[in-house]
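Dear colleague,

I am passing on the structure we spoke about, together with notes on what came out of going through it. Please read the notes alongside the coordinates shown here.

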Amino acid sequence: MRSANPRRFPRGVLFDLDGTLLDSAPDMLATVNRMRQARGRAPMTLDAIRPHVSRGARAMAAVAFPDVRAEDVPGLVPEFLAFYREELGRHGRPFDGIEAMLAALEADGVRWGIVTNKPEGLARDLLPMLGWDRRSGVLVGGDSLAERKPHPLPLLHAADAIGIAPGDCAYVGDDRRDIDAARAAGMPSVVALWGYRLDDDDPAAWQGDVMVHAPQALLDPAAWPLRA
């Protein structure tokens, strides 16, 4: 007998971008290898950079040039961003299962959006390439507000923009900053285990509400966390 009150998806869902919705590591690889080629260095492999992608331009530049002093790494960031803008969306793709999961959310009337630490301009340029510019209800970048993740402000702002109370949303991310931000915002969280993380990261220690190994699992409303 069918339950009179079957589980439904959260009324709102917010996502991190890189490493959660989008496998952007190939774009990052093309970027760092252009920088290395300009200096006569051999190309890096995708496996070497993938764990660092969620940590931003400075981290990517540091990985690409491990011999550069830490205080000099910020000087590489403008070059990284210039090349990255040219490689944006050329190589990366949504993770397997993401499109089906988004379609399931939309079919249930869920409002969804993106909260990323990527600069808003770069994220906004990506959305039309993915067909998400007319589907995502809100986009908050790392420079959109006075604070960025792990501060809760971007998540609270995004929930307000889609008209859903934070406790009735869920936030999906692959980095500890994502889960910390969700907790501070009073928002149930999903740890995206398919994303990018270093070998010594322990996602269980982040204390997200649920941990999910693949986007396909999120086709089941029962896989999502309920409001406490």
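Is Ser189 buried or exposed? Before the answer, please keep in mind that this is a predicted model. Ser189 has a relative accessibility of 3%, and because the cut-off for a buried residue is under 20%, it counts as buried. Ser189 belongs to strand β7, which covers residues 189-192, and, once neighbours within four places in sequence are set aside, its contacts are with Tyr171, Ile179, Ala182, Gly208, Asp209, Val210 and Pro225.

That strand is part of an open sheet, in which 6 strands with parallel pairing follow the order β5-β4-β1-β6-β7-β8. The edges are taken by β5 and β8 (210-212), each of which has a single partner strand, so that one side of each is left without a neighbour in the sheet.

The next part concerns annotated positions. The unreviewed UniProt entry places the feature "binding site" at Asp16, Asp18 and Asp174. These positions are spread over 159 residues of sequence, yet they cluster in space, with a largest C-alpha distance of 8.5 Å. Asp16, Asp18 and Asp174 are also included in the lining of the largest pocket.

Two of these residues can be described in more detail. Asp16 sits in the loop between β1 (12-15) and β2, and it counts as buried because its relative accessibility is 6%. Leaving out residues up to four places away in sequence, Asp16 touches Leu21, Val115, Thr116, Lys149, Tyr171, Val172, Gly173, Asp174 and Asp178, and its side chain is joined to that of Thr20 by a polar contact of 3.2 Å.

Asp174, for its part, is placed in the loop between β6 (169-173) and α8 (176-185), and with a relative accessibility of 1% it too counts as buried. Among the residues that Asp174 touches, again not counting those up to four places away in sequence, are Asp16, Asp18, Gly19, Thr20, Ala192 and Trp206. The list also includes Ser54, and the side chains of Asp174 and Ser54 make a polar contact of 2.7 Å.

Turning to the helices, the buried residues of α6 (residues 120-130) are Leu122, Ala123, Leu126, Leu127 and Leu130. Viewed down the axis of α6, these buried residues fall within an arc of 145 degrees, so they line one face of the helix. The elements that cover them include β2 (22-23), α4 (77-87), β3 (93-94), α5 (98-107), β4 (111-115) and β5 (139-140). After α6 comes Gly131, which has a positive phi, near 75 degrees.

Finally, Ile162 lies in helix α7, which spans residues 153-162, and its relative accessibility of 2% is the reason why it counts as buried. Apart from residues up to four places away in sequence, Ile162 touches Gly12, Leu14, Arg111, Gly137, Val138 and Cys169. Ile162 and Ala25 are 137 residues apart along the chain, and their C-alpha atoms are separated by 29 Å.

With best regards

Terms used. Residues numbered from 1 in each chain as written. Predicted model: local features only at pLDDT ≥ 70, side-chain atom pairs only at ≥ 80, totals over all residues. Heavy atoms only, no water. Buried < 20%, exposed > 50% of the residue type's maximum accessible area, 1.4 Å probe, protein only. Helix = DSSP H or I, 4+ residues; strand = E, 2+ residues; numbered from the N terminus. Arc of directions from axis to C-beta. Contact = heavy atoms within 4.5 Å. UniProt positions renumbered as here; feature names shortened; annotations may be inferred. 1 Å grid on protein atoms, 1.4 Å probe; cavity = no way out; pocket = protein on both sides within 12 Å on 5 of 7 lines; lining within 4 Å. Polar contact = N/O pair within 3.5 Å; in protein donor to acceptor, adjacent residues only side chain to side chain. Pairing = 2+ DSSP bridges.
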